[in-house]
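Subject: Structure handover

Hi,

Here is the structure for you to look over.

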Amino acid sequence: MEPTATILHADLDAFYASVEQLLDPSLRGKPIAVGGGVVLAASYEAKAFGICSGMPGRRARELCPQLIFVGGHFSDYQRLGDAVIQVLNDFTPLVERISIDEAFADVAGCTHLFGSPAEIAGAIRRRVRTELGLPISVGVARTKHLAKIASQVAKPDGLVIVDPDTELDFLHDLPVELMWGVGPVTKARLAAIGVHTIGQLARTPGWSLERLLGPAASEKLAALAWNRDPREIQTHRRARSAGAQSALGRKLAQERVIVPTLRHLADRVASRLRAKSRPGRTVTVRVRFADLRSVTRSVTLDAPIAATVTLAEIAEELVGKVLAHYPDEKTISLLAISVSHLEKRADVQLELPLALEYEERRPGSKRGVARWTADRAVDLIRDRFGWEAVGYGSVALGLYRSVPDEFRELAEKDL
């Protein structure tokens with residue numbers, strides 16, 4: 001690690017809601033939410049009432065009757081997100097964008113031009129505010145993990161610089177959920193053994209963490225709790241997986257809801273895999289129930305896939321297994337599909353017709369090639385005439401889209 005704090009994490013505050021308040025000044029200072037059936041994003045004024053992303057719109061209105069819903073200006077989100085990255089690029093070429101509204105930057109090599117890391121962070125914040133009209137929080141530290149935590153502590157619209165001499169004092173007093181990789185499930189497991197702060201996690205014996213979280217997760221979190229994070233800035237990082245999700249509000253776990261939703265998600269994911277010639281071997285689904293508890297199931301295949309129908313069929317089977325394991329759960333609020341273990345492969349090895357089970361799912365079989373050919377024809381039509389020009393009938397029928405596709409596209413990383 002660098003002996004000084006030179007890693008910046010810049011994170012736009014309540015980005016989508018802040019953009020809406022920028023475009024319509026009458027919304028400033030008011031609780032607003034982007035979305036309708038489901039909250040896609042909320043302003044800080046709305047968050048004060050307990051409103052958060054993914055919450056059903058009806059529940060959000062119950063918490064805050066004066067809540068204002070806006071539809072969303074997706075092209076402006078992309079334009080302004082790109083503009084912020086350009087501001088960072090004006091200071092250093094070492095910028096790693098991790099989402100539309102946040103990025104890391106390494107300023108070790110440009111302090112002789114622009115001043116100390118603290119001065120650079122301040123200049124970035126001023127430029128984003130004056131040139132773009134948006135609030136942004138920045139954390140500065142020696143590691144990516146600590147810089148990201150510092151930016152979270154800085155919110156809203158603040159700057160936190162972690163002195164290398166006191167970084168463990170700063171880190172260990174913070175709640176454990178601020179750590180990368182600690183979601184609601186892991187937080188609950190740690191709380192069950194009395195671990196609520198990062199310092200408590202750091203002092204927990206390794207064997208205890210391993211028994212609770214497994215070897216990989218326990219080793220990673222233990223290292224981060226002591227600020228051991230050797231990761232460097234990756235300016236051209238490619239995603240290791242492709243995924244899509246659909247927030248449903250509260251829907252009955254019935255085939256008429258599940259099948260069209262999964263096929264729409266499979267269509268989105270598979271088309272991205274084909275566009276980059278990156279089929280994947282592992283398919284994972286996530287089902288979130290009405291109480292916001294999530295369950296995942298996955299399967300790793302013999303051959304990588306990128307066919308829409310094949311991915312949809314596998315996802316339907318995995319979701320079916322989840323529901324069979326939880327027969328008392330009758331309502332779902334979210335479905336998600338992701339494909340990982342991506343491969344760079346343009347050629348398909350043809351296979352003999354051996355009457356194997358699920359032969360149509362094997363990319364090199366006669367039926368597998370037919371599926372691929374149909375998908376490519378759909379891709380070509382969409383490239384020329386747009387996404388809505390053609391699709392699978394089973395996807396369009398009965399599909400409930402609470403989240404616009406334009407919103408999902410903003411979160412998609414380059415494959």
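This is a predicted model: local features need pLDDT of at least 70, side-chain atom pairs count only at pLDDT 80 or more; totals for chains, interfaces and linings use all residues.

Leu23
Start with Leu23, which sits in helix H1 (residues 15-23). Its relative accessibility is 36%, so Leu23 counts as partly exposed. Leaving aside residues up to four places away in sequence, Leu23 touches His73 and Asp76. Asp76 is 53 residues from Leu23 along the chain, yet their C-alpha atoms are separated by 9.1 Å.

Helix H12
Next is helix H12, residues 215-225. Its buried residues are Ser218, Leu221, Ala223, Leu224 and Ala225. What do the buried residues of H12 pack against? The partners are helix H7 (144-154), helix H8 (167-172), helix H9 (184-192), helix H10 (198-202) and helix H11 (206-213). Asn227 follows H12 and has a positive phi, near 60°.

H13 and H15
Last, look at helix H13 (residues 255-275) and helix H15 (residues 366-385). Their axes come within 11 Å and cross at roughly 90°. Angles of 65 to 115 degrees count as roughly perpendicular, so H13 is roughly perpendicular to H15. Which residues meet there? From H13, they are Asp267, Ser271 and Arg274. From H15, they are Trp372, Asp375, Arg376, Asp379 and Arg382. By class, this contact has six charged residues, one polar and one nonpolar.

Best wishes

Conventions
Residues are numbered from 1 along each chain as its sequence is written. Side-chain values use heavy atoms; hydrogens and water are left out. Helices (H or I, at least four residues) and strands (E, at least two) are DSSP runs, numbered from the N terminus. Buried means under 20% relative accessible area, exposed over 50%, partly exposed in between (1.4 Å probe, protein chains only). Contact means heavy atoms within 4.5 Å. Axes are lines fitted to C-alpha atoms, for helices over the stretch in contact, and angles run from 0 to 180 degrees between N-to-C directions. Angles under 35 degrees count as roughly parallel, over 145 as roughly antiparallel, 65 to 115 as roughly perpendicular and the rest as oblique. Ala, Val, Leu, Ile, Met, Phe, Trp, Tyr, Cys and Pro count as nonpolar, Asp, Glu, Lys and Arg as charged, and the others, Gly among them, as polar.
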